[in-house]
Amino acid sequence: MSFSVNPTLWRQVFAVPSDIADRHIKLCSGVALKCLLLLLRDPETFGDPAAIAKRLGQPVSEVSDALAYWVESGVLCRSEGEETPVSPDNSAASQAPNPPPAPALPAVAPQRPRYPRDEAVALVEGDKTLSDLVGELQSLLGKLLTSADLDVLVALYSFYSLSPHYILTLINYCILIGRPSMGYAEKVAASWIADGVDDEGIDRHVDRLLLRRTNEGKVRAAFGITDRNLTSREREYIATWFDRYQFDLPLIEYAYEITVERTGKLAFGYLNKILASWHQNGIRSVEEARRESKPAAAVPAGSAGGESDLNRKILEQFMKD
C-alpha cells in the first residue's frame with residue numbers, strides 16, 4: 001500500500017527545508033517538529049513560545065525546550081539584539097520591556113560548554129552512568145529527553161561534576177515543587193553549588209527546603225491566603241517563625257488572631273513583631289501567650305491601659321512603620 005497527499009491540499013503550501021526531513025526527522029521530538037511547522041507556516045504569529053504553547057496545548061517550558069533544539073541545530077535564529085537563551089523559564093511576559101524581578105536564582109555561567117544533540121548522544125552512548133541516568137530521568141519526568149534536556153544533563157554530569165545521586169535528587173525536587181524542567185534544574189543546581197551544597201549535604205538541604213514549603217502551605221491555609229503567592233519577605237518571616245523561633249502553628253495562628261483584632265487586617269509586619277516579642281520573652285505556647293496578653297488586674301476593664309504594655313508598644317511601633 002502506498003500513500004499520497006490529498007491533491008486539494010496543494011492549494012495552500014509553505015516551504016520546509018529539506019534538511020528537516022533528511023537530517024532531523026529521527027533526532028527531533030514530536031513537539032519540536034510541530035513547533036517548527038507552526039513557525040514555518042506563520043512566523044509572525046508563532047514567533048513567541050507562548051503562542052505556540054497555546055496552539056499546541058503544551059506547557060511553555062516544553063515548547064521552549066523544543067525551540068532550543070532548533071536553535072542549537074542552526075535551523076532557527078534568534079532575533080537581532082536578543083541575547084537571552086530560549087529556556088523553560090522564559091515566557092511572553094518575561095520578554096516585555098522592564099520586566100519585574102525574577103525569583104532569586106543565579107544565572108548559569110555563560111562559559112559552560114553547549115552539547116549539540118549529536119555530541120550529547122555520543123557521550124551518553126559512551127558512558128554507562130550517563131546512559132543509566134537518561135533512563136532514570138525519562139522515567140521521573142515521564143517523557144523522552146529533548147536535545148535541550150540532554151544538553152543540561154551532560155552539563156550537570158560533566159561540567160558541574162555532579163554525581164548521579166545529586167542529579168536525580170535535584171530533578172526530583174524540581175518535580176515535587178511543580179517545576180519539572182531541566183532548564184530550571186540547571187539554575188537550581190547553580191544556586192545550590194554557589195551555596196556550598198555538596199553531595200553529602202544535598203539530602204538535608206532538600207528536606208529543609210521541602211519542609212519550608214510545607215510550613216508556608218500551612219500558614220497560607222491558616223491565614224486564608226488563596227488568591228496570591230507569598231512575597232519574599234513573607235516567606236522570610238515564616239522561615240524565621242518555624243526554623244529560628246521553633247514555634248508551632250497554633251501559636252502562630254494565635255498571633256494572627258491578635259493581629260487581625262488589633263489592626264483589622266492580616267499584617268505580616270505586626271504579626272512578626274508579636275512573635276519576635278514572644279520569642280524574646282520565652283513564650284512557647286498559646287496558654288503562655290494568653291497570660292502575657294491579659295491586662296493587669298489593677299487596671300479597669302475597657303480602659304486604655306487594659307492592654308499589656310508590650311502589646312501596646314508593638315501596635316504603636318507598627319503604626320509608625
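Is Ser-161 buried or exposed? Ser-161 counts as exposed because its relative accessibility is 58%; buried means under 20% relative accessible area, exposed over 50%, and partly exposed in between, with a 1.4 Å probe and protein chains only.

## Basis of the model

This is a predicted model, in which local features need pLDDT of at least 70 and side-chain atom pairs count only at pLDDT 80 or more, while totals for chains, interfaces and linings use all residues. Residues are numbered from 1 along each chain as its sequence is written, and side-chain values use heavy atoms, with hydrogens and water left out.

## Overall make-up and confidence

The chain has 15 helices and 0 strands. Helices (H or I, at least four residues) and strands (E, at least two) are DSSP runs, numbered from the N terminus. Of the 321 residues in the chain, 36% are buried. Among contacts with a separation of 6 or more, 62% join residues 24 or more positions apart; contact means heavy atoms within 4.5 Å.

The mean pLDDT of the chain is 82, and 81% of its residues reach 70 or more. pLDDT is the predictor's confidence in each residue, from 0 to 100. Over residues 80-110 pLDDT stays under 50, and the model has 37 contacts beyond four places in sequence for them. For residues 296-307 the pLDDT is also below 50, with 8 contacts in the model beyond near neighbours in sequence. Where pLDDT is low, the predicted coordinates should not be read in detail.

## Helix packing

Two packed helices are described by the angle between their axes and the distance between the axes. Axes are lines fitted to C-alpha atoms, for helices over the stretch in contact, and angles run from 0 to 180 degrees between N-to-C directions. Angles under 35 degrees count as roughly parallel, over 145 as roughly antiparallel, 65 to 115 as roughly perpendicular and the rest as oblique.

Helix α2 (residues 30-41) packs on α4 at an angle of about 80 degrees, with the axes 9 Å apart. That makes α2 roughly perpendicular to α4. On the α2 side the contact is made by Val-31, Ala-32, Leu-33, Cys-35, Leu-36 and Leu-39, and on the α4 side by Glu-62, Val-63, Ala-66, Leu-67, Tyr-69 and Trp-70. By class, this contact of α2 with α4 has 11 nonpolar, no polar and 1 charged residues. Ala, Val, Leu, Ile, Met, Phe, Trp, Tyr, Cys and Pro count as nonpolar, Asp, Glu, Lys and Arg as charged, and the others, Gly among them, as polar.

## Two further helix pairs

The axes of α7 and helix α9 (residues 182-194) cross at roughly 25 degrees and come within 9 Å. α7 and α9 are therefore roughly parallel to each other, and their crossing is left-handed. A crossing is left-handed if the near helix is turned anticlockwise from the far one by less than a right angle, and right-handed if clockwise. Asp-149, Val-152, Leu-153, Ala-155 and Leu-156 of α7 make the contact with Met-182, Gly-183, Glu-186 and Ala-189 of α9. The classes in the contact of α7 with α9 are 6 nonpolar, 1 polar and 2 charged residues.

Helix α12 (residues 249-263) and helix α13 (residues 268-280) pack at about 130 degrees, with axes 9 Å apart. α12 and α13 are therefore oblique to each other, and their crossing is right-handed. Residues of α12 in the contact include Leu-251, Ile-252, Tyr-254 and Arg-262; among those they meet in α13 are Tyr-270, Leu-271 and Trp-278. This contact of α12 with α13 has 11 nonpolar, 2 polar and 1 charged residues.

## Loop residues

Thr-146 is in the loop between α6 (128-141) and α7 (147-159). Thr-146 counts as buried, at 5% relative accessibility. Apart from neighbours within four places in sequence, Thr-146 is in contact with Glu-62, Asp-65 and Arg-117. Val-75 lies in the loop between α4 (60-72) and α5 (117-125) and counts as partly exposed, at 27% relative accessibility. With neighbours within four places set aside, Val-75 is in contact with Ile-20, His-24, Leu-36 and Trp-70.

Most residues other than glycine have a negative phi. Ser-161, in the loop between α7 and α8, has a positive phi near 55 degrees. Gln-246, in the loop between α11 (232-244) and α12, has a positive phi near 60 degrees. Gln-246 is exposed, with a relative accessible area of 52%.
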